[in-house]
Amino acid sequence: MKYSTLSIVSTLLISGFAVEAVAAEKKYGPGVTDTEIKIGQTVPYSGPASAFSSYGRVMTGYFQMLNEKGGINGRKVNLISLDNAFSPPKAIEQTRKLIENDEVLAEVGTVGTVPNIAVQKYLNQNKVPHIFISAGGRRFNDPQNFPWTVPFYPPFEMEGATFGQFILKKMPNAKIAVLYQNDDYGKDYLTGFKRGLGTGTAKIVAEATYEISYPTVDSEMIQLKTSGADTLILFTTPKFAAQAIKKANELNWKPTQLLASPVNSVQGVLTPAGLENVQGAFTTQFTKQAGDPAWAQDPEVVDYIDFMKKWAPNDSPNDFIALSGYVNAQAIALGLKRCGDNLTRENLLAQATTFNKERVGMLLPGIELTNSKENYAPYRTLRMAVFEKTSWKLLEE
């Protein structure tokens with residue numbers, strides 16, 4: 001790793017005494033100069049998970065906004081955001097380009113379980129920060145084996161457990177059907193869900209899996225309906241959540257629906273599925289909602305809507321995927337700011353893993369970001385919400 005080190009020592013004569021003024025030492029890693037911080041990420045702008053593309057556009061817009069205001073510690077941030085098509089080979093190809101050709105300081109905020117699994121080993125072997133990734137799988141919070149990977153999204157197992165506990169409390173007689181993606185993403189959710197149910201796992205009367213390459217989940221939905229379940233859990237990605245919701249309606253199946261947070265986007269999932277088909281559905285939340293009248297005058301919501309109008313005008317403030325990019329970008333910026341002039345890969349990792357009750361715009365009251373070198377996951381709690389008319393409404397705790 002190459003560093004440029006600048007140390008300025010000046011001698012001042014004051015009242016006959018020599019006084020040494022030592023400027024703060026500057027240490028730079030790859031991609032950093034006195035005027036620029038170069039970082040990179042990959043996002044599925046195309047392919048089966050292209051609904052996540054708004055995340056990348058919003059994150060890019062956020063750093064453009066920061067640069068207009070002067071950047072971070074006097075440096076402009078150059079975020080290089082490339083398309084991974086939600087394909088492991090493509091994710092590896094694009095990440096290698098970021099590290100070996102563009103020579104970025106770090107890979108930040110890459111979205112999706114599949115792409116992050118594909119590049120995790122490569123980035124850790126090369127000691128490149130793989131920080132605040134938008135994936136909540138258990139394997140991403142493993143400081144012992146993957147010390148350079150730091151998750152930002154709430155842990156999938158924690159969210160799954162939240163669903164299980166909610167059902168035990170609010171729907172004790174539920175007969176549950178679960179549709180989940182047959183990979184670490186879906187399996188982590190299911191593991192947490194069963195843990196939350198505890199001795200109530202017998203309430204699960206049917207499970208169905210699908211592969212990300214499937215064109216539809218129609219047959220899986222038919223299978224689940226025949227189980228007689230009255231509660232449907234969707235641990236899926238956006239495309240398949242929209243398909244499942246629409247298919248349930250076509251089958252005249254009206255179960256109570258619980259949607260994993262990555263698929264609760266009003267714009268990206270619920271509107272294509274038909275808002276009339278998701279009334280009364282439940283999800284988890286950790287952010288305020290721009291479309292909720294209860295938050296209409298909240299200063300953070302007002303700022304967020306203004307930001308979206310200027311920097312991501314083709315995306316909706318009501319899109320949770322877009323909002324997650326906004327929240328994530330703030331955390332990345334905070335990690336970079338905390339580095340000061342010590343902008344090395346090692347220090348960025350250290351700063352990104354020592355958050356202590358940090359707040360960023362649009363987090364719900366009471367939700368803070370805290371992590372440590374032993375536990376990288378920054379979220380500890382989630383809130384449940386119900387879909388009414390055109391937006392999600394927080395439930396009373």
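Contact here means heavy atoms within 4.5 Å. All views show a predicted model.

**View 1. Isoleucine 133 and its surroundings.** Isoleucine 133 belongs to strand S8, which covers residues 130-133. With a relative accessible area of 0%, isoleucine 133 is buried. Residues up to four places away in sequence left out, isoleucine 133 touches Gly109, Thr110, Asn116, Phe140, Thr149, Val150, Pro151, Phe152, Tyr153 and Asn328. Asparagine 347 lies 214 residues from isoleucine 133 along the chain, and the C-alpha atoms of the two are separated by 18 Å.

**View 2. The largest cavity and its lining.** A search of the whole structure gives 3 cavities of 30 Å³ or more. The volume of the largest cavity is about 170 Å³. Its lining is made of 21 residues, and those nearest the centre are Phe52, Val111, Ser134, Tyr153 and Pro262. Tyr153 is also among the residues that isoleucine 133 touches in View 1. Helix H3 (113-125) and H10 each contribute at least two lining residues. H10 gives the most, with 3 residues.

**View 3. Helix H9 and its buried face.** Helix H9 runs over residues 299-311. Its 13 residues reach 18 Å from first C-alpha to last, close to the 18 Å expected at 1.5 Å a residue. The buried residues of H9 are Val301, Tyr304, Phe307, Met308 and Trp311. Seen down the axis of H9, these buried residues fall within an arc of 120°, so they line one face of the helix. An α-helix has 3.6 residues a turn, so residues three or four places apart point the same way. On the face turned away from the buried side, H9 carries the exposed residues Pro299 and Lys309. The buried residues of H9 pack against helix H1 (53-68) and helix H10 (320-338).

**View 4. The N-terminal end of helix H9.** Aspartate 298 caps this end of H9. A side-chain oxygen of aspartate 298 lies 3.0 Å from the backbone nitrogen of glutamate 300. Pro299 is exposed and sits on the face of H9 turned away from its buried side.

**View 5. Helix H1 and its packing partners.** H1 has 16 residues and reaches 23 Å from its first C-alpha to its last, close to the 22 Å expected at 1.5 Å a residue. H1 is mostly covered, with 12 of its 16 residues buried. The buried residues are Ser53, Ser54, Tyr55, Gly56, Val58, Met59, Gly61, Tyr62, Phe63, Met65, Leu66 and Asn67. They pack against strand S5 (36-43), strand S6 (76-83), H9 and H10. Just after H1, glycine 70 takes a positive phi of about 115°.

**View 6. Threonine 284 in strand S14.** Strand S14 covers residues 282-285 and includes threonine 284. Threonine 284 counts as buried, at 1% relative accessibility. Its side chain makes a polar contact of 2.7 Å with the side chain of glutamate 159. Not counting residues up to four places away in sequence, threonine 284 touches Glu159, Thr162, Phe163, Leu259, Ser261, Asn264, Leu382, Arg383 and Met384.

**View 7. Serine 391 in strand S17.** Serine 391 is part of strand S17, residues 391-394. Serine 391 has a relative accessible area of 7%, so it falls on the buried side of the cut-off, which is under 20%. The side chains of serine 391 and lysine 393 make a polar contact (3.2 Å). Leaving aside neighbours within four places in sequence, serine 391 is in contact with Gly291, Asp292 and Val386.

**View 8. Two residues other than glycine with positive phi.** Most residues other than glycine have a negative phi. Asparagine 252 is not a glycine, yet its phi is positive, at about 55°. Asparagine 252 is found in the loop between helix H7 (238-250) and strand S13 (256-259). At 59% relative accessibility, asparagine 252 counts as exposed. Methionine 362 has a positive phi near 85°. The loop that holds methionine 362 lies between helix H11 (345-352) and strand S16 (383-388). Methionine 362 is buried, with a relative accessible area of 0%.

Key. Residues are numbered from 1 along each chain as its sequence is written. This is a predicted model: local features need pLDDT of at least 70, side-chain atom pairs count only at pLDDT 80 or more; totals for chains, interfaces and linings use all residues. Side-chain values use heavy atoms; hydrogens and water are left out. Helices (H or I, at least four residues) and strands (E, at least two) are DSSP runs, numbered from the N terminus. The expected span of a helix is 1.5 Å times one less than its number of residues. Buried means under 20% relative accessible area, exposed over 50%, partly exposed in between (1.4 Å probe, protein chains only). The arc is that of the directions from the helix axis to the C-beta atoms. A polar contact is a pair of N or O atoms within 3.5 Å; within protein, one must be able to donate a hydrogen and the other to accept it, and residues adjacent in sequence count only if both atoms are side-chain atoms. On a 1 Å grid over the protein atoms alone, a cavity is a set of points where a 1.4 Å probe fits but cannot get out, and a pocket is an open set with protein on both sides within 12 Å along at least five of seven lines; lining residues have an atom within 4 Å of a point. Grid points are joined across faces, edges and corners, and a volume is the space filled by probe spheres set on the points.
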